[in-house]
Amino acid sequence: MAGDLHTHTSSSDGSCSPEELVAAAKKIGLHYLGITDHDTVDGVRHLYENGLYPGRGVNIIPGVELSANHPEKDIHIVGYNIDIYNEALSDMIDKIIEARWERFSEIIKILQTKKYNIREADVLKTAAGGSRSIGRSHIARTLVKIGAFRTVREAFEKMLGKDTPAYVPRYLPEVDEVIDVIHQAGGLAVLAHPKLVGDDKLVEQLCSKMDGLEVYYPCHKPDEVQHYFFLARQFKLLIAGGSDFHGAASRFVRELGDFTISDELAAKFYIEPAN
């Protein structure tokens, strides 16, 4: 079959539990599965602590997707093959999650002043799986549930995105800090979905710091894939790819397996877990 190096579970903003995601990967015959939740490794920890990782049927690659600070652009860096109990990584994640909760509370207060009938408890109910990594997507999905907006996209465009009434910035670590922590955790730092950065000159600058580049991504057109492929070769980077699967909330794919990369590429990110 193939592999998918970029997926999310209900431990962040996905709709599938870690067990459901792994079961789906096994069912469709994926050989490699990167679990890369936003700002948390709780999903992989849950699998490990319940004897489901490492396991048979699919090679799980432990990962995390971290946002990095930039005044204008969204920069996401995925760490692969990380030590999920690394102290430096845990400290950074705890700081990010604390900032997420502060932002979450502030956004809810703003929405209430604008007469949206929404409470923190409503959003936490939407965030199935007891996610600690509460984000704007959870709030957007709750707003859709109460009929305030038709879609998550509309909620972001009119209320939660940058330059909208309920947008609240949050703490983000610097790019070099994120890369350093991923390396401290024994992992590989990969620039995620470079097209979404929206600035190819910045992408080139970032490539000089990375171990890999997410060349294959659902919204990358063939000419863009070719461009990022040659960019990865230029900077001697590993070539990554994945669906960014979130389940029902996915932006680009509906089902796991709709977008994959070859075993040859995915295998380069896999390290056999120690017994």
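Q: Two strands count as paired when DSSP finds at least two bridges between them. In this predicted model, what joins S3 to S4?
A: 6 bridges join S3 to strand S4 (residues 75-80). The cut-off is at least two bridges, so the two strands pair. S3 and S4 run antiparallel. S3 and S4 form a hairpin, with 6 residues between them.

Q: What makes S2 and S3 a pair, and in which sense do they run?
A: Strand S2 (residues 32-35) and S3 share 4 bridges. At least two are needed, so S2 and S3 pair. The sense is parallel. Gly-34 stands opposite Ile-61 in S3.

Q: Why is strand S3 called largely enclosed by the rest of the structure?
A: Strand S3 covers residues 59-68. A residue is buried if its relative accessible area is under 20%. Of the 10 residues of S3, 9 are buried, so S3 is largely enclosed.

Q: In what order do the strands lie in the open sheet?
A: The sheet has 7 strands, in the order S1-S2-S3-S4-S5-S6-S7. Its pairing is mixed.

Q: What makes S1 and S7 edge strands?
A: Strand S1 (3-7) and strand S7 (238-241) each pair on one side only. Direction ignored, neighbouring strands of this sheet are turned by 30° against each other on average.

Q: How do you know that S6 and S7 pair, and which residue in S7 partners Gly-212?
A: Strand S6 (residues 212-216) and S7 are joined by 4 bridges and run parallel. The cut-off is at least two, so S6 and S7 pair. Leu-238 in S7 is the bridge partner of Gly-212.

Q: Which strands does H10 lie across, and what is its angle to S6?
A: H10 lies across S6 and S7. Its angle to S6 is about 160°.

Q: At what angle do helices H9 and H10 pack?
A: Helix H9 (residues 200-207) and helix H10 (residues 222-234) pack at about 30°, with their axes 10 Å apart. That makes H9 roughly parallel to H10, because angles under 35 degrees count as roughly parallel. The crossing of H9 and H10 is right-handed.

Q: Which residues form the contact of H9 with H10?
A: H9 brings Asp-200, Val-203, Glu-204 and Cys-207. H10 brings His-227, Tyr-228 and Leu-231. By class, this contact has 4 nonpolar, 1 polar and 2 charged residues.

Note on methods: Residues numbered from 1 in each chain as written. Predicted model: local features only at pLDDT ≥ 70, side-chain atom pairs only at ≥ 80, totals over all residues. Heavy atoms only, no water. Axes fitted to C-alpha atoms, helices over the stretch in contact; angles between N-to-C directions. Parallel < 35°, antiparallel > 145°, perpendicular 65-115°, else oblique. Left-handed = near helix turned anticlockwise from the far one by under 90°. Contact = heavy atoms within 4.5 Å. Nonpolar A, V, L, I, M, F, W, Y, C, P; charged D, E, K, R; others polar. Buried < 20%, exposed > 50% of the residue type's maximum accessible area, 1.4 Å probe, protein only.
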